[in-house]
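Look at the structure below before reading on.

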Amino acid sequence: MAVAFHDINSAAGLKKLDHYLLTRSYITGYQASKDDVTVHAALSKPPSAEYVNASRWYNHIAALLRISGVSGEGCGVTIEGSAPITAEAVATPPAGDSKASAAEDDDDSDVDLFGEETEEEKKAAEERAAAVKASTKKKESGKSSVLLDVKPWDDETDMKKLEEAVRSIEVEGLHWGASKLVPVGYGIKKLTIMLTIVDDLVSVDSLIEERLTVEPINEYVQSCDIVAFNKI
């Protein structure tokens, strides 16, 4: 269903967009779509570094469009409080165009992202936060073997430096293992890497959220996914 954005060029609108992209790589869907192009075109200028997530998304979309353009249709997006978006602006640019688009479907249905949050929405958010906290609680004992996919921002990311940045993380109970680069398309490769953790010392979710996707490593790393998690 369609997603709505309000006054996207205002400070409040950019803040909401930044928060929305905190847990998403794209506006809708799991690939670049015209929904990203619509939001991208509605922005009068690139978001400043203050809006970390929105800025990364904007640059990532631009890089994808320079490579191959965008083919995904998306789920629909509405921009309110901004100048009308022309069909030409939303059309997929050819490779080499400076505008970009990418999308990740979060299965939201008719969500008014910038409206007032209801009590039900607040309660649901609190329940989700509690569930995440419970799922990341450290184990009391034992070890686990984990396989991670570490994704760069675009095809221009130095993958050697990306791997060096990942392996530079030293935490008690964490041991980095074998790795390899795997092509994902459009000249982009991802780093697949093994690691072993002591369960009561290391949380993989915390490792991703607090170390792998924050400064300075996020200069190279766009996102991380847990591919496999097995008790040893």
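## A buried aspartate

D35 counts as buried because its relative accessibility is 4%, and buried means under 20% relative accessible area, exposed over 50% and partly exposed in between (1.4 Å probe, protein chains only). D35 sits in helix 2, residues 34–42. Helices (H or I, at least four residues) and strands (E, at least two) are DSSP runs, numbered from the N terminus.

The model is predicted, so local features need pLDDT of at least 70 and side-chain atom pairs count only at pLDDT 80 or more, while totals for chains, interfaces and linings use all residues. Residues are numbered from 1 along each chain as its sequence is written, and side-chain values use heavy atoms, with hydrogens and water left out.

Four strands make up an open sheet in the order 5-6-4-7, with antiparallel pairing. Strand 5 (174–185) and strand 7 (221–231) are the edge strands, each pairing on one side only. From one strand to the next, the twist averages 20 degrees. Two strands pair if DSSP finds at least two bridges between them. Nine bridges link strand 5 to strand 6 (residues 188–198) in the antiparallel sense, and here W176 stands opposite L195 in strand 6. Helix 7 (residues 204–212) packs on the sheet and touches strand 4 (143–152), strand 5, strand 6 and strand 7. The direction of helix 7 makes about 165 degrees with that of strand 7; axes are lines fitted to C-alpha atoms, for helices over the stretch in contact, and angles run from 0 to 180 degrees between N-to-C directions.

Strand 4 is mostly covered, with seven of its 10 residues buried. Strand 4 and strand 6 run antiparallel and are joined by eight bridges; V150 stands opposite L191 in strand 6. Strand 4 also pairs with strand 7 in the antiparallel sense, over nine bridges, and D149 stands opposite D225 in strand 7.

## The second largest pocket

Which residues line the second largest pocket? They are A49, V52, R56, N59, H60, W153, D154, E215, N218 and E219. By class, this lining has three nonpolar, three polar and four charged residues. Ala, Val, Leu, Ile, Met, Phe, Trp, Tyr, Cys and Pro count as nonpolar, Asp, Glu, Lys and Arg as charged, and the others, Gly among them, as polar.

On a 1 Å grid over the protein atoms alone, a pocket is an open set of points with protein on both sides within 12 Å along at least five of seven lines, and lining residues have an atom within 4 Å of a point.

## Backbone details

Most residues other than glycine have a negative phi, and most peptide bonds are trans. A cis peptide bond joins E215 and P216, with omega about 0 degrees. P216 lies in the loop between helix 7 and strand 7.

D7 has a positive phi, near 45 degrees, and is found in the loop between strand 1 (3–6) and helix 1 (11–20). D7 counts as partly exposed because its relative accessibility is 40%. Phi of Y186 is also positive, near 55 degrees. Y186 lies in the loop between strand 5 and strand 6 and is exposed, with a relative accessible area of 56%.

How values were computed: Contact = heavy atoms within 4.5 Å. 1 Å grid on protein atoms, 1.4 Å probe; cavity = no way out; pocket = protein on both sides within 12 Å on 5 of 7 lines; lining within 4 Å.
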